[in-house]
Amino acid sequence: MHMTAIMPAPARDDDRATSYVGMTIALASWLMLFATLFLAYVVLRVQQPVWPPPGTGPLPLAQALANTFVLGASSFALAHGARQQSAGKRGALARGAWAAIGLGACFVALQVLLWMRTLRSGIVPQGVFGSVFYALTVLHALHVLGGLAALAWLAARAGAAGGAGTGRLPVQPVSMYWHFVDLVWIIMFVAIFVL
Amino acid sequence: MRTGRARAYLAGVLVLLPIIALPALALADGTGARDPFHWMKPAPDISLDGHRVDSLFYTVTIMLAVLFLILCFLLFWPMLAHRTGSRHQVNYHHQGGHVRDLLIAAAISAAIFFVVDGTLLVHSYYDLKQAFWNFTDGSEVFRVEIMPQQWAWNIRYAGADGQFNTGDDIITLNDLHLPVGRRVLVQLKAKDVIHSFFLPNVRTKQDANPGRVTRYTFTPVKTGSYEIVCAEMCGLEHYKMRGTMTIEAQEDFERWYAEAARFAVASFDPTDAEALWGWEWEKTR
Amino acid sequence: MSDDHIHPAPTTFVAKYVFSRDHKVIAKQFLFFGLFWLLVGGTMAMFIRWNVAHPGHAIPLVGKIFYPDTDGAVPPDAYASLFTMHGTIMIFFAITPILIGCFGNFCIPLMIGARDMAFPTLNMLSFWFALSAGVVMFVSLFVPQGAAAGGWTAYPTLSTKIGQPGLGQTFWVVGVFLTGTGTIMGAVNYVTTVIRLRAPGMGYMDMPLTVWGMWYTAVLNALFVPVLGAAMMLLFFDRVFGTQFFTAGAAVTNGGGDPVLFQHLFWIFGHPEVYILILPAWGVIGDLLAFFARKPAYGYKLSVFAMGAITVMSAVVYGHHMFSTGLSPLLGQSFMLLTMIISVPAELLFLNWCHTIWKGKLRLTVPMLFSLGVVFVFGLGGLTGLYLASISTDLYLHDTYFVVGHFHLTMAAAVLLGSFAAIYYWFPKMFGRMMDERLGKLHFWLSFFPINFVFCGMLFGGWAGMHRRIYNHSVYTYLQHLEPLNKFITVAALILGAVQLLFVINFFKSFFAGAKATDNPWEVGTLEWSTPTPVPHYNFKEIPVIYHGPHEFNNPRQTAKDWIGQAERLPDDPPAAERIARTELVSQPAHS
């Protein structure tokens with residue numbers, strides 16, 4: 001009675017499309033998380049007569065801008081490696097991923113330096129300004145650390161695959177996450193440091 | 001089939017029990033002998049506008065009772081009449097996919113929406129505009145500042161100079177006196193956690209938040225002593241955060257006010273930083 | 001991870017039952033996890049009710065075990081913890097695991113013809129996050145200074161160190177965050193699985209309503225649980241690192257933050273959450289009413305769109321939880337209007353349910369009775385919601401037992417009866433045995449009356465002005481006369497609690513000694529019943545091609561029986577290739 005389709009071995013495109021859909025939804029979820037944090041920031045800020053509140057020193061804009069470039073470069077390195085790899089260049093993915101990890105770790109280190117500097121200049125995680133600044137940047141940095149772990153796994157696997165056979169690796173979802181984290185930082189940079 | 005049907009009828013009768021059983025509680029309560037609904041009576045309405053809530057509630061309750069009885073019929077009749085073995089044919093083709101079916105469903109929903117929801121929307125709109133959220137301020141309004149804390153109501157009157165947060169302010173704890181017949185405007189600001197200023201006899205409430213002023217207005221029209229309730233969970237003794245509101249005739253109130261003002265001036269201690277916990281009256285935006 | 005090919009079945013006990021990636025096993029893990037917490041939360045409810053009727057009096061029998069210091073009576077601080085933890089547990093650890101964790105996991109792949117979830121490892125992690133959250137919550141019950149006591153809504157500043165200095169509230173925040181993380185993992189999985197892994201020929205409009213309900217719920221979970229997560233993080237920072245997001249400068253507090261901000265964040269999540277809990281139940285009963293009325297679900301597409309409309313609308317009505325906070329009148333009135341508009345799709349759903357059973361051939365089985373019960377109690381709950389949507393009446397009823405009665409009718413009674421419907425209905429497929437029909441009917445009728453007495457009684461108490469979360473209502477003179485009502489509710493609640501023993505007995509009796517279930521005991525056509533019982537590890541030996549909708553009952557084209565399987569090809573159905581082609585672009589390709 002039952003007409004059935006005999007399923008062949010899985011097509012790789014199919015796997016990719018599924019993980020693409022999954023990652024898109026996961027990122028929508030993460031987007032809501034950061035959107036909520038930004039909403040909290042906006043609500044708290046509009047209630048203040050002046051921003052930053054009196055007695056709170058200015059944030060180091062130039063250093064934050066440098067961080068922005070570092071993270072942007074990391075995103076670019078990963079994208080470039082993935083593109084080269086799919087164009088047939090062996091080992092490009094692993095190289096790109098390691099570059100992205102290096103730059104990403106550099107970003108985290110620079111963030112730590114930035115926090116040390118702001119703490120020295122008297123901006124403490126209290127009061128509405130300090131609360132927003134530290135909570136948002138720390139939560140973002142934690143997401144960067146998560147991304148670094150994923151990238152390290154990807155780079156190791158890509159390295160182990162010897163430059164070939166990287167097609168089965170979840171390059172796309174990891175890249176999507178990494179670019180997302182980068183994008184969030186750019187918004188955060190503009191919202192917290194520039195505006 | 002017959003026993004099945006009998007059982008189903010029994011079930012239908014049993015379902016109506018909640019409606020019958022709850023008023024029957026009145027019988028268990030001796031004091032309610034005169035009024036069968038004594039067991040669920042709200043506190044008496046003592047304000048100019050509280051009747052708006054009561055009448056809207058009762059009007060909508062009648063509408064919803066009709067809808068609910070229709071739902072019960074639609075639910076229980078098939079349980080009785082449309083069971084396995086009943087003689088009618090199941091109409092496979094009538095699945096509600098036709099434009100006509102959609103229009104009927106839309107018409108029914110729209111009718112319910114416009115009648116029931118419409119009643120609520122229109123009444124709410126005018127109730128708020130004219131009464132509950134009508135915070136117009138002026139000399140005819142009687143002003144009070146209230147700062148709830150864990151677990152009491154700090155109450156402040158402007159005193160002789162008409163200015164709040166000055167040395168001649170009258171301050172009471174859990175004891176709100178108001179003149180009958182004059183509109184009252186309360187400004188609320190919490191001391192520690194969120195509280196909610198609830199007067200069951202006035203049929204409305206307003207949260208008091210730390211750090212921002214909220215407003216509450218009503219016109220008492222009946223003298224007597226009534227309860228002030230905290231309606232927002234505020235910690236361990238939330239349940240006994242109870243104040244008293246005394247509504248008095250104008251002359252009685254004035255007597256109380258003059259006496260209290262005398263005490264206030266005498267007992268004010270300018271060195272006590274805590275004494276001026278009030279705030280400058282916030283003008284209506 | 002694709003599930004097109006058959007994974008080898010796990011062989012060791014640990015891989016099979018503990019760290020399982022099989023959606024059916026994870027479903028059972030969620031079921032037992034949820035039932036355990038249902039017992040805990042339900043017991044708490046009994047304690048709460050006892051105390052409302054007899055404040056400060058010793059709980060009979062068990063009181064001395066739990067409250068030895070007070071000779072068996074619930075002290076006020078423990079009472080606050082009780083209602084806080086009751087709410088938290090029931091929502092995050094009982095209903096969510098049972099209805100979404102268990103039946104979402106069990107039904108989605110089986111009903112859409114997939115071998116497993118799209119991401120089985122993520123699925124396993126989802127359960128382990130929920131479990132670790134459960135452990136944190138359980139531990140929090142025993143920390144010094146007691147469990148969280150700021151209400152399940154955890155409004156600051158009461159939930160900050162100002163009001164809750166103890167560890168319990170911090171644990172609570174961590175627990176809610178962890179379980180939320182698990183929920184999001186599940187949600188990502190459900191949404192992806194439905195989009196990607198439907199069997200060839202199964203268009204979106206061929207999916208059972210259960211799958212639709214779960215899918216909408218998953219979408220809401222994926223989008224709005226993160227909002228709660230963010231709020232929890234900020235509250236955590238406020239508690240642990242001394243930031244000041246939610247503490248404003250006031251007489252005894254300092255900070256430039258805003259406690260009302262938390263309420264906004266909480267209800268941006270919280271209102272979708274109530275639909276998160278009810279949508280799966282709506283889906284399940286939408287199916288079961290049709291299955292047991294032996295009729296196609298009336299207005300199937302309209303139901304799907306109505307549920308979709310409610311899903312979308314649920315995101316923009318949250319302000320009705322905050323009418324008394326001092327919202328601007330314009331904002332308040334807008335939220336009132338939007339909230340009222342939700343009643344329209346809800347009415348359409350009710351019309352469809354009533355129309356589905358009208359002139360059917362009703363089989364009043366236990367799952368059917370529970371489904372009809374859902375319509376009844378949700379009717380009551382939905383209608384009473386109107387008073388709370390209208391600001392004028394809400395300003396009186398807000399934070400009274402009217403609200404408690406209303407949301408228990410919708411979120412507790414309707415969802416609980418819906419969960420029971422689902423358990424009785426899918427038990428044969430999950431465990432291979434039938435549940436006892438007579439015990440089940442007894443369970444239904446003996447639960448149905450008390451559950452209505454309890455929550456309708458609360459509506460009356462609320463109308464009389466009794467505010468919620470109070471330890472002892474008799475300190476107020478205007479509430480004195482509510483004592484008979486409160487005692488009545490408590491008696492009904494205790495009966496309701498005791499009757500659940502019938503379910504426990506039935507569950508275990510049927511689990512070990514129930515009659516062996518056939519593959520399709522209810523004679524319905526959805527895909528899970530076309531699999532053998534017990535369902536093999538790979539679900540479907542061959543992925544079926546779908547020819548029919550989920551509710552093909554009494555179709556004149558099939559005269560041999562009154563139902564048609566979704567994968568059953570009738571002689572005049574189009575050929576397989578044509579069916580496959582129609583879903584090829586949106587579903588998994590059958591051939592590469």
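**Note on a predicted three-chain model**

1. Trp151(B) sits in the loop between β1 and β2 (152-157) of chain B.

2. Chain B as a whole. Its secondary structure comes to five helices and ten strands. Of its 285 residues, 36% count as buried. Take the contacts in chain B between residues at least 6 apart in sequence: 67% of them join residues at least 24 apart.

3. The open sheet of chain B. Five strands build it, in the order β3-β2-β1-β5-β8, with mixed pairing. Its edge strands are β3 (170-173) and β8 (214-218), and each pairs on one side only. Neighbouring strands are turned by 25° against each other on average, direction ignored. Inside this sheet, β1 (residues 142-149) and β5 (residues 184-188) of chain B run parallel, with five bridges between them. Val144(B) has Val186(B) in β5(B) as its bridge partner.

4. A strand to look at next is β10 (residues 242-248) of chain B. In general, strands of a sheet pair through backbone hydrogen bonds, either parallel or antiparallel. Strand β4 (residues 175-179) of chain B pairs with β10(B) in the parallel sense, over five bridges. There, Pro179(B) is bridged to Glu248(B). Strand β9 (residues 224-230) of chain B runs antiparallel to β10(B), and six bridges join the two. Here Ile228(B) stands opposite Gly243(B).

5. Which residues make up the covered face of β10(B), and which the uncovered one? Gly243(B), Met245(B) and Ile247(B) are on the covered face. Arg242(B), Thr244(B), Thr246(B) and Glu248(B) are on the uncovered face. Two of these names have come up already: Gly243(B), opposite Ile228(B), and Glu248(B), the partner of Pro179(B).

6. How the chains meet. Two pairs of chains are in contact, and chains B and C share the most contacts. No contact joins chain A and chain B; their closest C-alpha atoms lie 11 Å apart.

7. The contact of B with C takes 91 residues from chain C and 87 residues from chain B. On the side of chain C, the elements giving two or more residues include α4 (76-112), α8, α9 (300-313), α10 (329-357) and α11 (366-389). α10(C) gives the most, with 15 residues. By type, this side of chain C divides into 53 nonpolar, 28 polar and ten charged residues.

8. Helix α8 (residues 259-293) of chain C. How far apart should its ends be? At 1.5 Å a residue, its 35 residues should span 51 Å; the end C-alpha atoms are 50 Å apart, which agrees. The helix still has a kink of about 30°, centred on Trp267(C). Of its 35 residues, 34 are buried, so α8(C) is largely enclosed by the rest of the structure. Just after the helix, Arg294(C) takes a positive phi of about 55°.

9. Helix α13 (residues 401-431) of chain C is kinked too, by about 40°, with the centre on His408(C). Here 29 of the 31 residues are buried, so α13(C) is largely enclosed by the rest of the structure. Gly432(C), just after the helix, has a positive phi of about 75°.

10. The loop between α5 (120-140) and α6 (167-196) of chain C deserves a look. It holds Thr157(C), and the peptide bond from Pro156(C) to Thr157(C) is cis, with omega near 5°. Gln145(C) is in this loop, and has a positive phi of about 70° although it is not a glycine.

11. Ala154(C) has 26 C-beta neighbours inside 10 Å, so it counts as buried.

12. Last, Leu397(C), in helix α12 (residues 391-397) of chain C. Leu397(C) has 24 C-beta neighbours inside 10 Å and therefore counts as buried. Leaving aside residues up to four places away in sequence, Leu397(C) touches Tyr387(C), Leu388(C), Phe402(C), Val403(C) and Gly462(C). The C-alpha atom of Leu397(C) is 21 Å from that of Gly150(C), a residue 247 places away along the chain.

Terms used
Residues are numbered from 1 along each chain as its sequence is written. Chains are lettered from A and ligands numbered from 1 in the order in which they are written. This is a predicted model: local features need pLDDT of at least 70, side-chain atom pairs count only at pLDDT 80 or more; totals for chains, interfaces and linings use all residues. Helices (H or I, at least four residues) and strands (E, at least two) are DSSP runs, numbered from the N terminus. A residue is buried if 20 or more other C-beta atoms lie within 10 Å of its own, exposed if 12 or fewer, and partly exposed in between; C-beta atoms are placed from the backbone. Two residues are in contact if their C-beta atoms, placed from the backbone, lie within 7 Å. Two strands pair if DSSP finds at least two bridges between them. The expected span of a helix is 1.5 Å times one less than its number of residues. The bend at a residue is the angle between axes fitted to the seven residues ending there and the seven starting there. Ala, Val, Leu, Ile, Met, Phe, Trp, Tyr, Cys and Pro count as nonpolar, Asp, Glu, Lys and Arg as charged, and the others, Gly among them, as polar. Axes are lines fitted to C-alpha atoms, for helices over the stretch in contact, and angles run from 0 to 180 degrees between N-to-C directions.
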